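Me: I'd like to go through the side-chain contacts in this one. Can we take it topic by topic?

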Amino acid sequence: MRILLLGGTGEARALAARLHPDCDIVSSLAGRVPDPALPVGPVRVGGFGGVDGLRQWLRANDIGAVVDATHPFAATMTAHAAQACAELGVPYLVLSRPAWDPAGTVQVASDVEAADHIAEKGFSRVLLTTGRSGVRPFAGSDAWFLIRVVTPPDAEVLPRNHEVVLSRGPYGYDDESALLRDNRIDVLVTKNSGGALTEAKLAAARDLGITVVMIDRPPLPAGVTAVGTVDEAAAWVERL
Ligand code: NAP
């Protein structure tokens, strides 16, 4: 049985390493990052062309099961995969790392709500870690932004006052504390991505008394089976 592994995360790479070469897997990346960290085993790159394209691709490539280990905020890919698999009767599993505990943070439903909160409360120095696609709602803000991203955002979405830092985690507590202090940050904006690799910023902000605005995860499609760890996903594949 050939398994499609929807990736772009550390968990997807870890699962590929667990399954390859014993299982016939193919990993899929969206192709947004010019120099992506590649999983072991066969990899395809680029969108499928919506639900119809994905359905055709699954049939043409004789896929017997799909593990969706995309980022918890990759909601469109997950919606498409859930629908295509349901229509074809292909077993489908979501591997979604556990969310962070939002206690003590300002929880918002979207990046737009996060931008509204920054404006309402008059924050002036923002560490923005919502990714290149999460910058646009802040474009009209008067605050200063330190924008930490893997790939640069388009120029037209950037707020007036900003500095872009290109980097990829993991980040440690001491470096995160220094970044927040040195840049006199008064609010951190983050998605509730979960996972250990980028979690240190939360403890550093808490210890420095800096407000954290945390964007809730989009809900999973109704009725899908989801697990939180690579071990559980590997066990699901082995059971198939
Ligand atoms: P998205 O909004 O859910 O998906 C938009 C479109 O990108 C999909 O409809 C699909 O195009 C294509 N796509 C997304 N993931 C794909 C994959 N693994 N393989 C092939 N095509 C894919 O996705 P996104 O939030 O932009 O994320 C894109 C990629 O970056 C994902 O692989 C995700 O795991 C990774 N990532 C995302 C975030 C985040 O915060 N969103 C953070 C870290 C990593 P078609 O409709 O043409 O099939």
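Me: What do the side chains of R160 and D142 meet in?

Reply: They meet in a salt bridge, with 2.2 Å from N to O. Bear in mind that this is a predicted model.

Me: Where do R160 and D142 sit in the chain?

Reply: R160 is in the loop between β8 (144-149) and β9 (161-166), and D142 is in the loop between β7 (125-128) and β8. The two are 18 residues apart, and the pair links distant parts of the chain.

Me: Are R160 and D142 buried or exposed?

Reply: Both R160 and D142 are exposed.

Me: How many salt bridges does a search of the whole structure find?

Reply: The search finds 10. One of them joins R97 and E11, where the closest N and O atoms are 2.9 Å apart.

Me: Why does the R97 and E11 pair tie parts together?

Reply: R97 belongs to the loop between β5 (92-95) and β6 (106-108), while E11 belongs to helix α1 (residues 10-19), so their pairing ties together parts that are 86 residues apart in sequence.

Me: And are R97 and E11 buried or exposed?

Reply: R97 and E11 are both buried.

Me: What about D207 and R206, how far is it from N to O there?

Reply: The distance is 3.3 Å, in a salt bridge between the side chains of D207 and R206. D207 is partly exposed, at 46% relative accessible area, and R206 is exposed, at 59%.

Me: Which residues do salt bridges with shared partners join into one network?

Reply: D52, R55 and E87 are joined that way.

Me: Switching to rings. How many aromatic pairs are there?

Reply: The count is two. F48 and W57 make an edge-to-face pair, 5.4 Å centre to centre with 70° between the planes. F138 and F145 also pair edge-to-face, at 5.6 Å centre to centre and 65° between the planes.

Me: Why do F48 and W57 count as buried?

Reply: Buried means under 20% relative accessible area. F48 has a relative accessibility of 14%, so it counts as buried. W57 has a relative accessible area of 19%, so W57 is buried too.

Me: Are F138 and F145 buried or exposed?

Reply: F138 and F145 are both buried.

Me: What lies over the face of F48?

Reply: R44 does, at 4.0 Å from the ring centre. There is also R148, whose charged end sits over the ring of Y171, 3.6 Å from the centre of that ring.

Me: Now T130. Where is T130 found?

Reply: T130 is in the loop between β7 and β8. T130 is buried, with a relative accessible area of 2%.

Me: Which backbone oxygen lies 3.1 Å from a polar atom of the T130 side chain?

Reply: That of G134.

Me: Leaving aside neighbours within four places in sequence, what is T130 in contact with?

Reply: V135, V189, T190, K191 and I215.

Me: Last topic, domains. How is the chain divided?

Reply: Domain 1 covers 2-97 + 218-239, and domain 2 covers 106-215.

Me: How far apart do the C-alpha centres of domain 1 and domain 2 lie?

Reply: The centres lie 29 Å apart.

Me: And how many residues of domain 1 are in contact with domain 2?

Reply: Eight residues of domain 1 are in contact with nine residues of domain 2.

How values were computed
Residues numbered from 1 in each chain as written. Predicted model: local features only at pLDDT ≥ 70, side-chain atom pairs only at ≥ 80, totals over all residues. Heavy atoms only, no water. Phe/Tyr/Trp six-rings, centres within 6.5 Å; stacked < 30°, edge-to-face > 60°. Buried < 20%, exposed > 50% of the residue type's maximum accessible area, 1.4 Å probe, protein only. Lys NZ or Arg CZ within 6 Å of the ring centre and 35° of its normal. Salt bridge = Lys/Arg side-chain N within 4 Å of Asp/Glu carboxyl O. Helix = DSSP H or I, 4+ residues; strand = E, 2+ residues; numbered from the N terminus. Polar contact = N/O pair within 3.5 Å; in protein donor to acceptor, adjacent residues only side chain to side chain. Contact = heavy atoms within 4.5 Å. Domains from an automatic or database assignment.
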